[in-house]
Amino acid sequence: MAVLTFELPDGSTREVDITQVLNAGYAGRSQEDVAAHVAELAELGVPAPSVTPALYPVAPYLAQQTDRVEVQHGRTSGEAEWALVVADDGEVLLTAACDHTDRDLEVHGVAWSKNAGPDVLARRAWRLADVAPRLDDLTLRAWVTHGDKETEIQHGTLAELLTPAYWVDVLRARDALTPGTVLISGTIPMAHGVDQFADAWRVELSDPATGDTIRLAYGVHRMLEPIG
């Protein structure tokens, strides 16, 4: 399995052996808005989930701290998200993440598309308990790069998404709040007119109260064409 290392604000590090990864979907706090989004996706051929919010298991090795994502074609993209990480002693950490998804495969099955690319996690994290009183004020932003031009594609707050506490309760009810568990939050809307099929992605999770920001960035690289 993947072993990830997170630096905390006090300078200490936590090494976590990842044993399971779960990706939330359709996880906006307003489920009316989610229903409208499901209808929009259905028009694009993406199958509707049987329930919302949804939760998709992902292979643990797909949780990565990397600056390079390999893809098979030009229709893959990231999604700015937060991630919960359960450390070995049961303490829950919060960090930035980017769920890199195969959009062509998504029309055949969201769970399949989530397993076709990595969940890129930042190398820094906060203790969830330390930021819990102001979670809704935390900001989530993402930028895409095409050539030498970077454009903001996502900008919102955690108030737009179901809370970490909601997902902690879901994990606990499933006996899944266990060391090595990663839960990825689902994402905020993308800006209209910005091409998500980019050469690179950059994500920031920021705490306005302290000025602290957790960052990740990676390039997107096409693999060689297959033979056969």
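In the predicted model, tryptophan 143 has arginine 202 of E16 as its bridge partner. The two strands concerned, E13 (residues 139-146) and E16 (residues 200-207), run antiparallel to each other and are joined by seven bridges; strands count as paired if DSSP finds at least two bridges between them. Strands (E, at least two residues) and helices (H or I, at least four residues) are DSSP runs numbered from the N terminus. Because this is a predicted model, local features need pLDDT of at least 70 and side-chain atom pairs count only at pLDDT 80 or more, whereas totals for chains, interfaces and linings use all residues. Residues are numbered from 1 along each chain as its sequence is written, and side-chain values use heavy atoms, with hydrogens and water left out.

E13 and E16 belong to an open sheet of five strands with mixed pairing, in the order E6-E17-E16-E13-E14. The edges are taken by strand E6 (68-71) and strand E14 (149-157), each of which has a single partner strand, so one side of each lacks a neighbour in the sheet. From one strand to the next, the twist averages 20 degrees, where axes are lines fitted to C-alpha atoms, for helices over the stretch in contact, and angles run from 0 to 180 degrees between N-to-C directions.

Side chains of opposite charge can pair when their charged atoms come close. The structure holds 19 salt bridges, a salt bridge being a side-chain nitrogen of Lys or Arg within 4 Å of a carboxyl oxygen of Asp or Glu. Arginine 202 takes part in one of them, with glutamate 150, at 2.9 Å between the closest N and O atoms. Glutamate 150 lies in strand E14 and arginine 202 in strand E16, so this pair ties together parts 52 residues apart in sequence. Arginine 202 is partly exposed at 24% relative accessible area, and glutamate 150 is partly exposed at 41%; buried means under 20%, exposed over 50%, and partly exposed in between (1.4 Å probe, protein chains only).

A further salt bridge joins arginine 141 to glutamate 152, with the closest N and O atoms 2.6 Å apart. Here arginine 141 sits in strand E13 and glutamate 152 in strand E14, eleven residues apart. Aspartate 212 pairs with arginine 124 at 3.1 Å between the closest N and O atoms. This pair links strand E17 (residues 212-222) to the loop between strand E11 (119-121) and strand E12 (126-127), across 88 residues. Elsewhere, Asp10, Arg14, Asp89, Glu91 and Arg127 are linked in a network of salt bridges.

Strand E3 (residues 20-25) has five of its six residues buried, so the rest of the structure largely encloses this strand. E3 pairs with strand E15 (residues 181-184) in the parallel sense over four bridges, and glutamine 20 has threonine 181 as its bridge partner in E15. With strand E4 (residues 54-58), E3 pairs in the antiparallel sense over five bridges; in E4, tyrosine 56 is the bridge partner of asparagine 23.

Asparagine 23 is also among the residues touched by lysine 114, together with Val58, Leu62, Glu79, Asp99 and Thr101, not counting residues up to four places away in sequence; contact means heavy atoms within 4.5 Å. Lysine 114 lies in helix H3 (residues 110-114) and is buried, with a relative accessible area of 5%. Its side chain makes a polar contact of 3.4 Å with that of glutamate 79. A polar contact is a pair of N or O atoms within 3.5 Å; within protein, one must be able to donate a hydrogen and the other to accept it, and residues adjacent in sequence count only if both atoms are side-chain atoms.
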